[in-house]
There are 2 protein chains.
Amino acid sequence: MYDVAVIGAGPAGLSAAITLRMRNISCVVVSPKAKSGWLYKANEILNYPGMPKIGGEKLLHAFSEQALSLGAEVHSGLVRQILFSGGAFMLLADDHIIEAKALILAMGAARPKLLDGEEALVGNGVSYCATCDGMLYRGKKIAVLSAYAHGVEEANFLATLANELDYYPLQKHELSGLDPRAAVIPTIPQKLKKENGKIDVESIPYDGCFILRPAVSLTQLLQGLTLAEGFIPVNRRMETNLPGVYAAGDCTGQPLQIAKAVGEGNIAAICAAEYLQQLSASNR
Amino acid sequence: MYDVAVIGAGPAGLSAAITLRMRNISCVVVSPKAKSGWLYKANEILNYPGMPKIGGEKLLHAFSEQALSLGAEVHSGLVRQILFSGGAFMLLADDHIIEAKALILAMGAARPKLLDGEEALVGNGVSYCATCDGMLYRGKKIAVLSAYAHGVEEANFLATLANELDYYPLQKHELSGLDPRAAVIPTIPQKLKKENGKIDVESIPYDGCFILRPAVSLTQLLQGLTLAEGFIPVNRRMETNLPGVYAAGDCTGQPLQIAKAVGEGNIAAICAAEYLQQLSASNR
């Protein structure tokens, strides 16, 4: 059980981790390993104070080295869902469960483009997490819509449960490891609907539909989290509407800037530290 | 006339200047030259993201070099008062007047300790600015209470006007250049009061009392600026209660952290840029 789980290893998340460690608070930074994202690719950043004309990769490396050297832990994985249970947050990060007393959401502004009809069907036949929901479709017919290679692993697990499994690559990726029980369908679905209790994908009815993308829609991440125009509203203490849940960086909205993200990560860390202090006082 | 005047050359002010220049907005950073302040003296800063274990002086130098190289201007001087007139802000910085269309307040959290009774008498016999108010006391008896050497220059100007001038050093400083018409009184006043229309300082009645310190009380800086517990309340856009006036860094309150200040300076710059755009659109 960590004191704080930080979701996202960009400027906001790493700044938060650095300041949490300065306060001697245990923390884990959870983020997909992928070396991608706009900042990683940025050739030259001019307005991060103190480090003029630095490349994005180098800047991120400096941030993460600093966080690691102060004792922050890093876990590679995409957080698909967060549950609150028994006084703790449980993060489902690929196949791992990570527990923490408080959360700092710092996953940036990148959002997946959803399919038509997708959002309305979540929890009603559409799922983002094979580990969480696979057993619901034991012996049934499943569609896996996947935008990236990780979907192959998830499909292979689902293939052990399903009676029939169709795999739709939403984007081109390596399929050689796919379980032979899965059939690859080369069309790209544009919309989903429910008909006669089944999920209709390209006019084929399925009992369940798993959608796997390298990013998670905020609407699915954490139940009860208030959103506004795709961003997470926060106050000056970086508090979201949920106790113990802070947000920082691009996911809180404009301006999408490194300095702003670093500042918000710092504030979120300090306010999360205060929250933990109150929590421990009230448990005494 | 500058687009933006930034008051304070700490992390918030310099971060603001850097981002203003990235938007090609003319700006001047106004700050006392003094190489002092807690950050300047900090031996090692551990949690400014990207620059671990850096000394405060080196960090400030990196910030200011970056701002200068992007074209920010710097003016040495203590801003004693800001007036809004004819659609522009006028900053009285020692003996200079600087004009700007928008303001970013980033003067840190250091505040002078006021004398008992001082605040109630400002504008009613007590002044912080010899240039502004000296003529009101022509031929009168004046007290100058000064915490630093700059007070000698101000007193010398006032001595050319006054009939009688007493100089009270609030802290030890060089007095050799003081006009011989000024009498040095070696006691340190603790309180001020008004009696029979005169300002009573150590039981001596004066027509006017000038108080000179190397920092300015926020309550006197800018008329109409809302304060709360000694800080400047801002919203998430770093807007104060006054249009065109933004604040960033320690002067906006806790946490008093470099990363927070840098982030707020960045946001203030971007929001001030938007304000200028609207201003120029409405003037078209």
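Predicted model: local features only at pLDDT ≥ 70, side-chain atom pairs only at ≥ 80, totals over all residues.
**Stop 1: the cis prolines**

Select A:Gln254 and A:Pro255. The peptide bond joining them is cis, with omega about -10°. Now go to chain B and select B:Gln254 and B:Pro255. That bond is cis too, with omega near -10°. B:Pro255 lies in the loop between strand 15 (245-247) and helix 8 of chain B. For context, most peptide bonds are trans.

**Stop 2: confidence**

Colour chain A by pLDDT. The chain mean is 92, and 99% of its residues reach 70 or more. Which elements of chain A mark the lowest and highest mean pLDDT? Helix 5 (residues 130-133) has the lowest, at 80, and strand 15 (residues 245-247) has the highest, at 98. For the model, ipTM is 0.78 and pTM is 0.81.

**Stop 3: the two domains of chain A**

Select residues 2-111 together with 216-282 of chain A; the domain assignment calls this set domain 1. Then select 118-212 of chain A, which is domain 2 in that assignment. Their centres, taken over C-alpha atoms, are 30 Å apart. How many residues does each domain bring to the contact? Domain 1 of chain A gives seven and domain 2 of chain A gives six. On the domain 1 side, strand 4 (79-85) and helix 7 (218-221) of chain A each supply at least two residues. That side of domain 1 of chain A divides into two nonpolar, three polar and two charged residues.

**Stop 4: a glycine in a loop**

Select A:Gly139. Look for it in the loop between helix 5 and strand 8 (141-146) of chain A. Buried or exposed? A:Gly139 counts as exposed, because it has 9 C-beta neighbours inside 10 Å and the cut-off for exposed is 12 or fewer. Now draw a distance from A:Gly139 to A:His75. The two are 64 residues apart in sequence, and their C-alpha atoms are 33 Å apart in space.

**Stop 5: where the chains meet**

Show both chains. The contact takes 28 residues from chain A and 28 residues from chain B. On the chain B side, helix 1 (11-22), helix 3 (56-69) and helix 8 (258-282) of chain B each supply at least two residues. Which helix of chain B gives the largest share of that side? Helix 8 of chain B does, with eight residues. By type, the side of chain B that touches chain A has 16 nonpolar, nine polar and three charged residues.

**Stop 6: helix 1 of chain B**

Select residues 11-22 of chain B, which form helix 1. Check its length first. At 1.5 Å a residue, the twelve residues of helix 1 of chain B should span 16 Å, and the end C-alpha atoms are 17 Å apart, so the two agree. Next, look at its surroundings. Eleven of the twelve residues in helix 1 of chain B are buried. Among them are B:Pro11, B:Leu14, B:Ile18, B:Leu20 and B:Arg21. What covers the buried residues of helix 1 of chain B? The cover includes helix 8 (258-282) of chain A. From chain B it includes strand 1 (2-7), strand 2 (27-31), helix 3, strand 6 (96-105) and helix 8. Just after helix 1 of chain B, select B:Asn24, where phi is positive, about 60°.

**Stop 7: the nonpolar core**

The largest nonpolar core has 169 residues. Those with the most contacts inside it are A:Ala5, B:Ala5 and B:Ile104. Select B:Ala5 and show what it touches. Beyond residues up to four places away in sequence, B:Ala5 touches B:Val28, B:Val30, B:Phe89, B:Leu91, B:Ile98, B:Ala100 and B:Leu103. As background, nonpolar side chains tend to be buried together in soluble globular proteins.

**Stop 8: two positive phi values side by side**

Finish with B:Glu202 and B:Ser203. B:Glu202 lies in the loop between strand 12 (198-201) and strand 13 (204-206) of chain B. B:Ser203 lies in the loop between strand 12 and strand 13 of chain B. Phi is about 50° at B:Glu202 and near 65° at B:Ser203. Most residues other than glycine have a negative phi. B:Glu202 is partly exposed, because it has 14 C-beta neighbours inside 10 Å. B:Ser203 is exposed, with 6 other C-beta atoms within 10 Å.

Key:
Residues numbered from 1 in each chain as written. Chains lettered and ligands numbered in written order. Contact = placed C-beta atoms within 7 Å. Helix = DSSP H or I, 4+ residues; strand = E, 2+ residues; numbered from the N terminus. Nonpolar A, V, L, I, M, F, W, Y, C, P; charged D, E, K, R; others polar. Expected span 1.5 Å × (residues − 1). Buried ≥ 20, exposed ≤ 12 C-beta atoms within 10 Å, placed from the backbone. Core = buried A, V, L, I, M, F, W, Y, C linked by C-beta atoms within 7 Å. pLDDT = per-residue confidence, 0-100. Domains from an automatic or database assignment.
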